[in-house]
Structures are given as C-alpha cells and as structure tokens.
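Here is a short briefing for a first look at this structure. Keep the sequence and the model side by side as you read.

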Amino acid sequence: MGVMRLGHVALKVMSVEAAIDHYTNVLGLIVTDRGEDGSVFLKGWDEWDKYSLLLRPSDEAGVDHIAFKVAADADLDSLGGRIVDYGIATEEVAAGALPFCGRALGFDLPSGHRTYLYAEKEFVGKAV
C-alpha cells in the first residue's frame with residue numbers, strides 16, 4: 001500500500017473576504033482560483049497542487065471536510081476496503097465533484113468529520 005499526505009482542508013467561513021485577507025496578508029498563502037459559489041482556493045508558495053486550503057462561504061464557521069492525497073489511484077481501492085472492514089461506510093465520488101480532483105473516496109470519521117481520499121489534483125506549480 002502507498003502513502004498519503006494531507007491534501008487540503010475545506011473551511012466554512014462567515015466572511016470570505018476577511019478570511020482571504022487573513023490567509024494571504026497574515027499567513028502568506030496565494031489565491032489560485034475562485035468558484036462560482038464564492039469558494040476560494042489557496043496554496044502555499046512552495047506547493048505544486050492547485051490548493052491546500054479551500055474557503056467556503058457559510059452562515060457558521062467550522063471544518064467542511066478534510067482530504068488526504070494518496071500516492072496512486074489503486075490506493076483508493078485498497079484503503080477503501082480497509083475502511084469498510086473497520087466498519088465505516090464509504091462512497092465513490094466522481095472526478096470533479098471534489099474541486100480540481102480526480103475520483104475520490106468519501107467517508108465520515110467516527111468523530112463525525114467528513115473525509116476524502118483522492119490521488120489526483122490539478123497541478124499549478126510554484127508560480128501562480
């Protein structure tokens with residue numbers, strides 16, 4: 001089985017513009033895209049993937065979901081089997097349903113947090 005790393009975190013924010021100001025001007029992240037629904041995609045200066053932080057407008061603040069990037073697409077199937085064997089239901093998520101990502105596997109952790117595994121995400125390189 002391959003390895004995984006944290007791919008991105010999607011946060012629900014009550015003021016997208018205030019959040020953009022904080023994440024860009026205080027923490028130094030870079031805006032890479034904006035969604036039609038008001039979502040904003042950000043990444044660090046040395047990251048190659050399209051985003052590592054997704055801000056989603058909401059009436060309440062919190063974590064929308066956490067996503068881990070796996071080394072290869074086949075890892076989705078092997079890890080999915082292990083997750084089901086552990087007693088957690090999974091669902092196949094079509095490519096593109098998780099923005100700029102290939103097919104994914106979705107599930108809820110025992111803590112209630114929505115989690116995804118994916119192998120492919122659009123690359124933008126270091127320069128934006």
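Where is the place of Gly-38? Gly-38 sits in the loop between β2 and β3. Keep in mind that this is a predicted model. The fold can be read from its sheet: 8 strands form an open sheet with mixed pairing. Helices α1 and α2 lie across strands of that sheet.

**The sheet**

- The strand order is β2-β3-β4-β1-β5-β8-β7-β6.
- The edge strands are β2, residues 30-34, and β6, residues 90-93. Each of these two pairs on one side only.
- From one strand to the next, the twist averages 25°.
- Strands of a sheet pair through backbone hydrogen bonds, and the pairing is either parallel or antiparallel.
- β2 and β3 run antiparallel and are joined by 4 bridges. In this pair, Arg-34 stands opposite Val-40 in β3.
- β3 (residues 40-43) and β4 (residues 53-57) also run antiparallel, with 3 bridges between them. Here Leu-42 stands opposite Leu-53 in β4, and Val-40 stands opposite Leu-55 in β4.
- β1 and β4 pair in the parallel sense over 5 bridges. Val-13 stands opposite Pro-57 in β4.

**The turn at Gly-38**

- β2 and β3 form a hairpin with 5 residues between them.
- Gly-38 lies in the turn and has a positive phi of about 95°.
- Is Gly-38 buried or partly exposed? Its relative accessible area is 31%, so Gly-38 counts as partly exposed.
- Leaving out residues up to four places away in sequence, Gly-38 touches Val-16, Leu-55 and Pro-57.
- Gly-38 and Asp-49 are 11 residues apart along the chain, and their C-alpha atoms are separated by 20 Å.

**The helices**

- Helix α1 spans residues 16-26 and lies across β1 (4-13), β2, β3 and β4. It runs at about 160° to β4.
- Helix α2 spans residues 73-86. It lies across β1, β5 (62-70), β6, β7 (104-108) and β8 (114-118).
- The angle between α2 and β7 is about 20°.

**The nonpolar cores**

- The largest nonpolar core has 11 residues, including Ala-10, Phe-41, Tyr-51, Leu-98 and Tyr-118.
- What does Tyr-118 contact, leaving aside its neighbours within four places in sequence? Its contacts include Gly-7, His-8, Asp-49, Ala-67, Leu-98, Cys-101 and Ala-104.

**The aromatic cluster**

- How many aromatic pairs does a search of the whole structure find? It finds 3.
- Phe-41 and Tyr-51 form a pair with ring centres 4.8 Å apart. Their planes stand at 65°, so the pair is edge-to-face.
- Phe-41 lies in strand β3, and Tyr-51 lies in the loop between β3 and β4. The pair therefore ties together parts that are 10 residues apart in sequence.
- Phe-41 and Phe-100 form an edge-to-face pair too. The distance is 5.1 Å centre to centre, with 85° between the planes.
- This pair links distant parts of the chain, since Phe-41 is in strand β3 and Phe-100 is in the loop between β6 and β7, 59 residues apart.
- Ring pairs link Phe-41, Tyr-51 and Phe-100 into a cluster.
- Why does Phe-41 count as buried? Its relative accessible area is 5%, and the limit for buried is under 20%.
- Tyr-51 is buried as well.
- Phe-100 counts as partly exposed because its relative accessibility is 29%.

**Charges over the rings**

- The charged end of Lys-50 sits over the ring of Phe-100, 4.4 Å from its centre.
- The charged end of Lys-121 sits over the ring of Tyr-51, 3.8 Å from its centre.

**The backbone at Phe-100**

- Most residues other than glycine have a negative phi.
- Phe-100 is not a glycine, yet its phi is positive, at about 65°.
- Phe-100 has its place in the loop between β6 and β7.

Key. Residues are numbered from 1 along each chain as its sequence is written. This is a predicted model: local features need pLDDT of at least 70, side-chain atom pairs count only at pLDDT 80 or more; totals for chains, interfaces and linings use all residues. Side-chain values use heavy atoms; hydrogens and water are left out. A nonpolar core is a set of buried Ala, Val, Leu, Ile, Met, Phe, Trp, Tyr and Cys residues joined through side-chain atoms within 4.5 Å. Buried means under 20% relative accessible area, exposed over 50%, partly exposed in between (1.4 Å probe, protein chains only). Contact means heavy atoms within 4.5 Å. Two strands pair if DSSP finds at least two bridges between them. Axes are lines fitted to C-alpha atoms, for helices over the stretch in contact, and angles run from 0 to 180 degrees between N-to-C directions. Rings of Phe, Tyr and Trp (its six-membered ring) pair if their centres lie within 6.5 Å; planes under 30 degrees apart count as stacked, over 60 as edge-to-face and the rest as tilted. A charge sits over a ring if NZ of Lys or CZ of Arg is within 6 Å of the ring centre and within 35 degrees of the ring normal.
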